[in-house]
Amino acid sequence: MSAATARIDTDALRHNLGQIRNRAPASKIMAVIKANAYGHGMVAIAQALADADSLAVARVEEGIQLREAGIACPIVVLEGICNADELGLAGQHSLETVVHCREQIILMEQNSGSGADLWLKLDTGMNRLGSTAEEFAEAHRRLVNLPSANRDPGLMSHFSSADVAESETSQEQLRKFLETTAGLPGERSLANSAGILNIPASHLEWVRPGLSLYGVSPVAGKTGQDLGLRPVMRFSTWLLATRNLVVGDTVGYGCRWQAARPTRLGIAACGYGDGYPWALPEGTPLRVKGKHAGLAGRVSMDMIAFDLGADSDARIGDEVLLWGETELPVEEIAAAAQSIPYELLCRVSERVSREIVTSQAPIG
Ligand SMILES: Cc1ncc(COP(=O)(O)O)c(C=O)c1O
């Protein structure tokens, strides 16, 4: 076995779902599993999240993929539909869609709606998607009047800065959301992971956790473990080769890293082609047989090199941990890459096999 593997622990996933329920006990949970469930494998994650109240994806195709895999629970498409074909597909597959602009309302009216339930999005300051506060009541009236509407549309908005504790921007967004939706029927949803953690007043009828479900902190300077969460992904690979270096030996493209002392170098089967970021600097931590090693030289497409230390007893075939345990959280690796954990998780590439485990044992 020489390929990088992402082990996906569904017990950890369910633990995190439970932690989120404890934090927002009166709210239903719309579990966000877009972008291949943040790189974890969308269908397997959906199957393991049977206790969530609904699932959210970004695109209609993602919703169809879930239905074709036999997922029967409510699914919300966060970006909604962009043409009449998508509207038809959403209806056919019972995908609830978010309506965020006038063009979508017109499409709905021209086609008598999709037949599936709808969510109406308000822009409270993110300035990405959603009706303005001035347009909102009229947009709501038009959706309620669609002949195929089964229930009052849900009411939704999205935080821009909930990861900042005691953010005035978030308070203003919450105020605007409550004020604009006051008196309208329909369930409300505002809180993402950071909103769930930092802004209890934003929990309302539905919360929409993404990152926290996967055991990762949305708050800079904290890890998932600090928040009582367990990492779901454990990204690892195998030692492909070792070599002994003398002082002055260089490693990898551009000869950027040079041995300052005699040492043992490890080469492992993982590179930016697997989603391990090219931007990671020398010294980025890895763990080999439970011991620390530091990245040496540039990340290549299929391989990385690291300093094992002169007295290392690591052997070809040993496991190399890239991120995912409490000693090596993805939050720390993302900070080293000057990125965010969202990006690192989403970029774990297709050629990395996802091994789905529960209680540490492979399923099936
Ligand atoms: C509309 C919407 N709601 C909820 C989420 C989940 O956010 P998080 O992963 O920060 O919990 C996202 C993610 O980007 C989103 O776009």
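The structure is a predicted model, in which local features need pLDDT of at least 70 and side-chain atom pairs count only at pLDDT 80 or more, while totals for chains, interfaces and linings use all residues. Residues are numbered from 1 along each chain as its sequence is written.

Asn-127 is found in the loop that lies between strand E6 (118-121) and helix H7 (133-144); helices (H or I, at least four residues) and strands (E, at least two) are DSSP runs, numbered from the N terminus. The phi of Asn-127 is near 55°, a positive value in a residue that is not glycine. Most residues other than glycine have a negative phi. Ala-35, which is not a glycine either, has a positive phi of about 50°, but this residue lies in helix H2 and is partly exposed, because 18 other C-beta atoms lie within 10 Å.

The chain has 11 helices and 19 strands, and buried residues make up 45% of its 364 residues. Its C-alpha atoms fill a box of roughly 75 × 45 × 40 Å, taken along the principal axes. The chain is divided into domain 1 (10-223) and domain 2 (233-362), with bounds that come from an automatic or database domain assignment.

Taken over C-alpha atoms, the centres of domain 1 and domain 2 are separated by 36 Å. Where they meet, 13 residues of domain 1 are in contact with 14 residues of domain 2, contact meaning that the C-beta atoms of two residues lie within 7 Å. On the side of domain 1 that touches domain 2, the elements giving two or more residues are helix H1 (10-23) and H2.

## The two sides of helix H4

Which residues of helix H4 (residues 60-68) are buried? They are Val-60, Glu-62, Gly-63 and Leu-66, and they lie on the same side of H4 because they cover an arc of only 160° around the axis, the arc being that of the directions from the helix axis to the C-beta atoms. On the other side of H4, Glu-61 and Glu-68 are exposed.

The cover over the buried residues of H4 includes helix H2 (34-38), helix H3 (42-48) and strand E3 (54-57), and also strand E4 (75-77), helix H5 (84-92) and strand E5 (95-99). Just after H4, Gly-70 takes a positive phi of about 90°.

## The nonpolar core

The largest nonpolar core has 101 residues; such a core is a set of buried Ala, Val, Leu, Ile, Met, Phe, Trp, Tyr and Cys residues joined through C-beta atoms within 7 Å. This core draws at least three residues from each of domain 1 and domain 2. Ala-31, Ile-33, Leu-49, Leu-55 and Ala-56 are those with the most contacts inside the core. If residues up to four places away in sequence are not counted, Leu-55 touches Ala-31, Ile-33, Ala-46, Leu-49, Leu-66, Cys-73 and Ile-75.

## A residue in strand E13

Ile-267 is found in strand E13 (residues 263-268), where it counts as partly exposed because it has 19 C-beta neighbours inside 10 Å. Leaving out residues up to four places away in sequence, Ile-267 touches Leu-240, Ala-241, Met-303 and Ala-305.

Technical notes. Buried ≥ 20, exposed ≤ 12 C-beta atoms within 10 Å, placed from the backbone.
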